[in-house]
Amino acid sequence: MTDAGNTQVTLLSEKLHRFGVLGAGVIPDSLATLRLAGAREEENANATAAAAATASPPVKRVEESEAVTSSGAGGAPSDGTLSRKQVLDILSETVRVQGIVQQEVSVLAKKLASKAEKKKKKPPSLSFVEAHKKILELDLPREPLEDFGLSEASFHRILMEYENDDEVMESANKLLHPAGKGDPQRAQSITMDKIIDIHQFMVVEMQKVLQEFLKLPQETRRTFTGKACETTAELLVSIAVENQMMVRCEDVEQAVIMYEEALQENREFTRCTEQLANMMQHLIRAAQPRVEKSEFVRILRHMAASTKDAKAFAKKLYEDYRAKTCGIVEAYRRFESFSESAVGGGDGGELPDLSSAEMHLCFDEYGEDEEVLQAWEQSGVESTLAMQAMMLGMGTNSGSPKPSQVVAVEDRKGKKLKSSEIVEMQELMVDELKRTTEAADAALKNDATLASQWKAELAVQLVQALASAAVERRYGTSAEEMALAGFQHANVLHKNERFMRATEKQQEILMRIPSLCSSE
């Protein structure tokens, strides 16, 4: 399996995990966006144990020769297994359904926008509920995952088992690179600058959609499926783009394909698409039932305990690595062993797997409770959300933490960090990441058998943990403090060339690590 194939499965699984299957396609998830989102999630994974502890048990993969008991119209597995053929069938059907949904929603958006254009007046504003009714009238085909009784997260785990299967990866690639349906001639008239303008406009429109949906009563929100939320949002944004930007959505998609390589390097395009991605995730999660307050508190307390243990372990590991009493290979072995021992639900059984958006929504619902507030502050999740918001440049409208929820660093630790200090820390972080990655590269080249044994996700987390420990030792500032300070200085940092250059280099290094963990 090639490195490109490994990248494809990672990107596809991330796409499925965050969105399901995109509706009209007007809200893009470019390759650059997905790569950066993956890298930034790894950057926020210092508390490895906490992340591992909330993982749900995997759905089993079965070989083609094994019998799969199934039931239901779609051949849904009754025993939690999928054959290779079923995986291929799901991917093939998903591509087909995605094409139908994209076409139908695009046609509807164009129809609604053209009615207003003919009357030469501003179109009547559709509410989210009204737009959803129009989506239902389209009678769109069911999602393959629904027919198989699988969640997106479950299929994500299954798909990762086939990352060395070229046929499965080729099918997966068709989801990542759908054929453009726009008019190439019209698309050529859409410049790079116009694409950026359109995506900035889409961010504003998606914020409106999210704000409206969050204002609906909880009982109403929970009558929508995640897919219904996604497709309805696609329709509303598509109508706005067609009507106010005077372009056809399919032509915009075609233009994005044409400029794909250049757009991957465009910081503003990446920022916009990441904002759109996170807002879509927030919208979908807002439709789902929240965990009970007692369960939420249990999750937070387990995160606090896991984070404390992980910090102590990482500090000892770094000191041993720095003193050269253990090399990078031994460091990985210890890191892997610690991560495996941390898997579990803590007291009271398995814990549900909540995304950062779900954690934030739960806090919005239960945050006034003193017990919840205390557990939230002790869990460390606040700094993770702050880091995400800082890196994405997102405001409160897009689901990032509200300023009132982010406790100032000086209030917590009695010291204040300047933006110039954060820049220096980021540059040191990059130096340490580079040094540790080079050590890992040398070790893996020296013993080729290690490459197939190392897990890319753990390797990234190990390198990040060692680099973070080096920064904390030099500056006496933890990753959490740096994250919160970065959130406070976000506007300044995003304009600082040194910081942005270091951040981009950081992403390059982290994205290189998975390619080292390959036997090919």
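Helix α25 (residues 479-488) is mostly covered in this predicted model. Eight of its 10 residues are buried, where buried means under 20% relative accessible area, exposed means over 50%, and partly exposed lies in between (1.4 Å probe, protein chains only). The buried residues of α25 are Glu 480, Glu 481, Met 482, Ala 483, Leu 484, Ala 485, Gly 486 and Phe 487. Helices (H or I, at least four residues) and strands (E, at least two) are DSSP runs, numbered from the N terminus.

Residues are numbered from 1 along each chain as its sequence is written. In this predicted model local features need pLDDT of at least 70 and side-chain atom pairs count only at pLDDT 80 or more, while totals for chains, interfaces and linings use all residues; side-chain values use heavy atoms, with hydrogens and water left out.

The chain contains 27 helices and four strands. Of its 520 residues, 53% are buried. Contacts (heavy atoms within 4.5 Å) were examined by sequence separation. Among those in the chain with a separation of 6 or more, 85% join residues 24 or more positions apart. The chain exposes about 24000 Å², by the Shrake-Rupley method with a 1.4 Å probe; for residues, only the protein chains shown count as cover.

A search of the whole structure finds three cavities of 30 Å³ or more. On a 1 Å grid over the protein atoms alone, a cavity is a set of points where a 1.4 Å probe fits but cannot get out; lining residues have an atom within 4 Å of a point. Grid points are joined across faces, edges and corners, and a volume is the space filled by probe spheres set on the points. The second largest cavity holds about 50 Å³ of space. Its lining consists of Ala 440, Leu 444, Trp 454, Ala 459, Leu 462, Val 463, Ile 513, Leu 516 and Cys 517. Three helices, α22 (419-446), α24 (456-475) and α27 (497-516), each supply at least two lining residues. Helix α24 gives the most, with three. By class, the lining has nine nonpolar, no polar and no charged residues. Here Ala, Val, Leu, Ile, Met, Phe, Trp, Tyr, Cys and Pro count as nonpolar, Asp, Glu, Lys and Arg as charged, and the others, Gly among them, as polar.

Helix α22 also carries Asp 441. Asp 441 is buried, at 12% relative accessibility. Not counting residues up to four places away in sequence, Asp 441 touches Arg 512 and Leu 516. Leu 516 is also one of the residues that line the second largest cavity. The side chain of Asp 441 meets that of Lys 445 in a salt bridge (3.5 Å, N to O), a term for a side-chain nitrogen of Lys or Arg within 4 Å of a carboxyl oxygen of Asp or Glu. The two residues are four apart in α22, so about one helical turn separates them. Lys 445 is exposed, with a relative accessible area of 65%.

The structure holds 27 salt bridges. Lys 208 pairs with Glu 205, the closest N and O atoms being 3.2 Å apart. Both lie in helix α10 (residues 192-215), three residues apart, which means about one helical turn between them. Lys 208 is partly exposed at 47% relative accessibility, whereas Glu 205 is buried at 12%. In helix α16 (residues 293-322), Lys 316 and Asp 320 lie four residues apart, about one turn. Their side chains meet in a salt bridge (2.8 Å, N to O). Lys 316 is partly exposed, with a relative accessible area of 48%; Asp 320 is buried, at 14%. An α-helix has 3.6 residues a turn, so residues three or four places apart point the same way. Beyond these pairs, Arg 84, Asp 165 and Glu 167 are linked in a network of salt bridges.

Asp 139 is found in the loop between α5 (128-137) and α6 (144-147), and is exposed at 66% relative accessibility. Lys 324 sits in the loop between α16 and α17 (328-342). Lys 324 is exposed, with a relative accessible area of 75%.

Key. On a 1 Å grid over the protein atoms alone, a cavity is a set of points where a 1.4 Å probe fits but cannot get out, and a pocket is an open set with protein on both sides within 12 Å along at least five of seven lines; lining residues have an atom within 4 Å of a point.
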